[in-house]
Amino acid sequence: MVSFTPYWKRPDLPRLLGVLALLWSFNSAGQGIHVKSAELVANAGEYYLSANFEVELNSTLEEALVRGVALHFVVQFEVIYPRWYTLYLWNRRIVAHEQRYRLAYNALTRQYRLSIDSLHQSFDTLEEALALLGRFSRRRVLDTDALVSGRVYEAQIRMALDTKQLPKPFQIDALASRDWSLASEWYRWTLTP
C-alpha cells in the first residue's frame, strides 16, 4: 500500500512581506504629489524659481471637489544657510516664499477653476487643471544680494494640500484620515552663488 503525505512548505515571510510592500507601493505611487524638478536661476540681479510637480488626487478628494468643496494648495520654498557648528539646529533662513492655489469645480458650467491670487483660469478636465497646478514657472523669489558669493546654501521646495482652508467638518476628517493628507516630500538641492 502506498500512502501520500502532503508536503507543506512554510512561506518565506520576508519575501512575502516584500511582495506585499511592493504591491502597496504600486497602488499608492500614482496618487499624491511628487516633485519632478526644481531650479533657481539668477537673471538681472534676481533669482527666479521654476519647479514641476506631478499632482494626482485620490478618489476621496476628487469626489469632494465635484461635490463643491474647494481644494487649497500651497507651494513652500526656502533657502537656508546651514550652520554645522550649531549641529544644524539653528540654520539661518534667508528667504521663505509661499504661493497659494485654489482649485474648485463649477457644476453649472462643468468646468474646473484654478485660482492663483487674483488670476483665474477654467478647464474642461481635471487633468488640465492639475497640469497647470503642477507648473511653477519663473517666479521671482529673492535678490542676488541676499546670498554671499562662495557660501553653500540649501534650497528646498514642496507642495501640499492646505487642510486648514477646508470647511470645518472636513478638517476633522483630515485629522483622522490619510485620504485628506496630500503633500510632496521636501525636494532639496545645494546652491552656491
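This is a predicted model: local features need pLDDT of at least 70, side-chain atom pairs count only at pLDDT 80 or more; totals for chains, interfaces and linings use all residues.

Strand β8 is mostly covered, with seven of its nine residues buried. Strand β8 pairs with β3 in the antiparallel sense, over eight bridges, and Phe77 stands opposite Ile157 of β8. Strand β8 also pairs with β9, again in the antiparallel sense, over five bridges. Within that pairing, Gln156 has Arg188 in β9 as its bridge partner.

These strands belong to an open sheet of six strands, whose order is β6-β5-β4-β3-β8-β9 and whose pairing is antiparallel. At the edges are β6 (119-123) and β9 (187-191), each of which pairs on one side only. From one strand to the next, the twist averages 20 degrees. Elsewhere in the sheet, β4 (residues 92-106) and β5 run antiparallel and are joined by six bridges. Tyr101 stands opposite Ile116 in β5. The pairings described so far with a number of bridges are set out below.

| Strand pair | Sense | Bridges |
|---|---|---|
| β3 and β8 | antiparallel | eight bridges |
| β8 and β9 | antiparallel | five bridges |
| β4 and β5 | antiparallel | six bridges |

Two helices lie across strands of this sheet. Helix α2 (residues 59-66) lies across β3, β4, β5 and β8 (153-161), and runs at about 60 degrees to β4. Helix α3 (residues 126-133) lies across β3, β4, β5, β6 and β8, and runs at about 15 degrees to β5.

The protein chain as a whole contains four helices and nine strands. Read along the sequence, these elements follow the pattern α-β-β-α-β-β-β-β-α-β-β-α-β. Among contacts in the protein chain with a separation of 6 or more, 65% are between residues 24 or more positions apart. Of the 193 residues in the protein chain, 34% are buried. The protein chain exposes about 13,100 Å², of which carbon and sulfur atoms supply 53%.

In soluble globular proteins, nonpolar side chains tend to be buried together. Here the largest nonpolar core has 46 residues, and those with the most contacts inside it are Leu40, Phe53, Phe73 and Phe77. Strand β3 (residues 71-81) gives the most to this core, contributing six residues. The surroundings of Phe73 can be described in more detail. Leaving aside neighbours within four places in sequence, Phe73 is in contact with residues including Ile33, Leu57, Tyr101, Leu103, Leu133, Leu161 and Leu182. Gln99, Arg100 and Asp162 are also among the contacts of Phe73.

Ser115 is placed in strand β5 (residues 111-116). Is Ser115 buried or exposed? Ser115 counts as buried because its relative accessibility is 9%, and the cut-off for buried is under 20%. Leaving aside neighbours within four places in sequence, Ser115 is in contact with Arg100, Tyr101, Arg102 and His120. The side chains of Ser115 and His120 are joined by a polar contact of 2.7 Å. Ser115 and Ala104 are eleven residues apart in sequence, and their C-alpha atoms are 8.4 Å apart in space.

Notes: Residues are numbered from 1 along each chain as its sequence is written. Side-chain values use heavy atoms; hydrogens and water are left out. Buried means under 20% relative accessible area, exposed over 50%, partly exposed in between (1.4 Å probe, protein chains only). Contact means heavy atoms within 4.5 Å. A polar contact is a pair of N or O atoms within 3.5 Å; within protein, one must be able to donate a hydrogen and the other to accept it, and residues adjacent in sequence count only if both atoms are side-chain atoms. Accessible areas come from the Shrake-Rupley method with a 1.4 Å probe; for residues, only the protein chains shown count as cover. A nonpolar core is a set of buried Ala, Val, Leu, Ile, Met, Phe, Trp, Tyr and Cys residues joined through side-chain atoms within 4.5 Å. Two strands pair if DSSP finds at least two bridges between them. Axes are lines fitted to C-alpha atoms, for helices over the stretch in contact, and angles run from 0 to 180 degrees between N-to-C directions.
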